[in-house]
Amino acid sequence: MITSPQNQIKTTISELFEDSKYDMLKMMKGAAKSIFRRMQPLDFKDAYLSISKEQGQGLIKLIKDNKLKNIVEFGTSFGISTLFLAQGVIETGGHIITTELIDSKAQKAIDNFKKARVSDLIDVRIGDAMETLKNHDDPIDLLLLDGWKDLYLPIFQMLESNFHSNTFIYVDNAEMAETKAFINVIRQNSKYQLKYQFGGKVVLITIKK
Ligand SMILES: C[S@@+](CC[C@H](N)C(=O)[O-])C[C@H]1O[C@@H](n2cnc3c(N)ncnc32)[C@H](O)[C@@H]1O
């Protein structure tokens, strides 16, 4: 039986959400390692830490409603959010650049993209986003910030010259202290407007018209 591209992506996403049900345990293990030091991405090398299904559906709608094509994602993990983005860009004819620091996570994400048959839509960059996204000089329609929170501001500033009047910046984990510090800096810039979603977990930044 031939499965449609959308169904193939949906099936892969469901399998990954099923596999992510032990995330809480993995996160607790990771957090325990960091009692005497600052948490590091490697402490969470086995955890998905993914966006929710509802957020994924919201991202698909955002992409389709606004015909977004050029997507950049900071923080791939095992690729759940990227697969939602792929569901959007498959409709708009767009593509995604996503970046992940931890090699083993990126390799798993690459396998997941193959399984979902969307590898041709996704450019996976392995390494520190400050390096992998450096010198990016194409317009960005949607920037998804979902990596380590202390990098939100430097990454935003590094990519800001690629924003245009219809760019969306989707900020996950807006309730976290480091994200709040980032949001406070952006709020002071009259160029941008902010909209909270998902009970404050997400902030959508747009350019004032
Ligand atoms: C919250 S998870 C991403 C979840 C993913 N967006 C999803 O919803 O499925 C954050 C990811 O960012 C990665 N990360 C942390 N620092 C990074 C950096 N400097 N460059 C690239 N990736 C980084 C972590 O290894 C982790 O896998």
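The paragraphs below go through a predicted model, starting with its sheet and ending with a few single residues.

Seven strands make up an open sheet of mixed pairing, and their order across it is β3-β2-β1-β4-β5-β7-β6. The edges are held by β3 (122-126) and β6 (192-197); each has a single partner strand, so one side of each has no neighbour in the sheet. On average, and with direction ignored, neighbouring strands of the sheet are turned by 15° against each other. Helix α5, residues 103-115, packs on this sheet, where it touches β2 (95-100) and β3. The direction of α5 makes about 165° with that of β3.

Two of the strand pairs can be followed in detail. Strand β4 (residues 142-145) runs parallel to strand β5 (residues 168-172), and the two pair over four bridges. In this pair, Leu143 has Ile169 of β5 as its bridge partner. The other pair is antiparallel: β6 and strand β7 (residues 202-207) are joined over six bridges. Here Gln193 stands opposite Thr206 in β7. β6 and β7 form a hairpin with four residues between them, and Phe198 in the turn has a positive phi of about 50°.

Next comes the interior. In soluble globular proteins, nonpolar side chains tend to be buried together. The largest nonpolar core of this model has 51 residues, and those with the most contacts inside it are Ala86, Leu142, Leu145, Tyr170 and Val171. Helix α4 (residues 80-92) gives the largest share of this core, six residues.

Leu145 lies in strand β4. It counts as buried because 27 other C-beta atoms lie within 10 Å, where 20 or more are needed. Its contacts, leaving aside neighbours within four places in sequence, are Phe74, Tyr152, Ile155, Ile169, Tyr170, Val171 and Asp172. Leu145 and Ile169 are 24 residues apart along the chain, yet their C-alpha atoms are separated by 7.4 Å. Val171, with residues up to four places away not counted, touches Leu145, Tyr152, Thr179, Ile183, Val202, Val203 and Ile205.

Phe163 is placed in the loop between α7 (152-159) and β5. Is Phe163 buried or exposed? Phe163 counts as buried, because it has 20 C-beta neighbours inside 10 Å. Beyond residues up to four places away in sequence, Phe163 touches Ile140 and Ile207.

Most residues other than glycine have a negative phi. Leu49, in the loop between α2 (23-33) and α3 (53-65), has a positive phi near 55°. With 21 other C-beta atoms within 10 Å, Leu49 is buried. Arg117 is in the loop between α5 and β3, and its phi is also positive, about 60°. Arg117 has 14 C-beta neighbours inside 10 Å and therefore counts as partly exposed.

Technical notes. Residues are numbered from 1 along each chain as its sequence is written. This is a predicted model: local features need pLDDT of at least 70, side-chain atom pairs count only at pLDDT 80 or more; totals for chains, interfaces and linings use all residues. Two strands pair if DSSP finds at least two bridges between them. Axes are lines fitted to C-alpha atoms, for helices over the stretch in contact, and angles run from 0 to 180 degrees between N-to-C directions. Two residues are in contact if their C-beta atoms, placed from the backbone, lie within 7 Å. A nonpolar core is a set of buried Ala, Val, Leu, Ile, Met, Phe, Trp, Tyr and Cys residues joined through C-beta atoms within 7 Å. A residue is buried if 20 or more other C-beta atoms lie within 10 Å of its own, exposed if 12 or fewer, and partly exposed in between; C-beta atoms are placed from the backbone.
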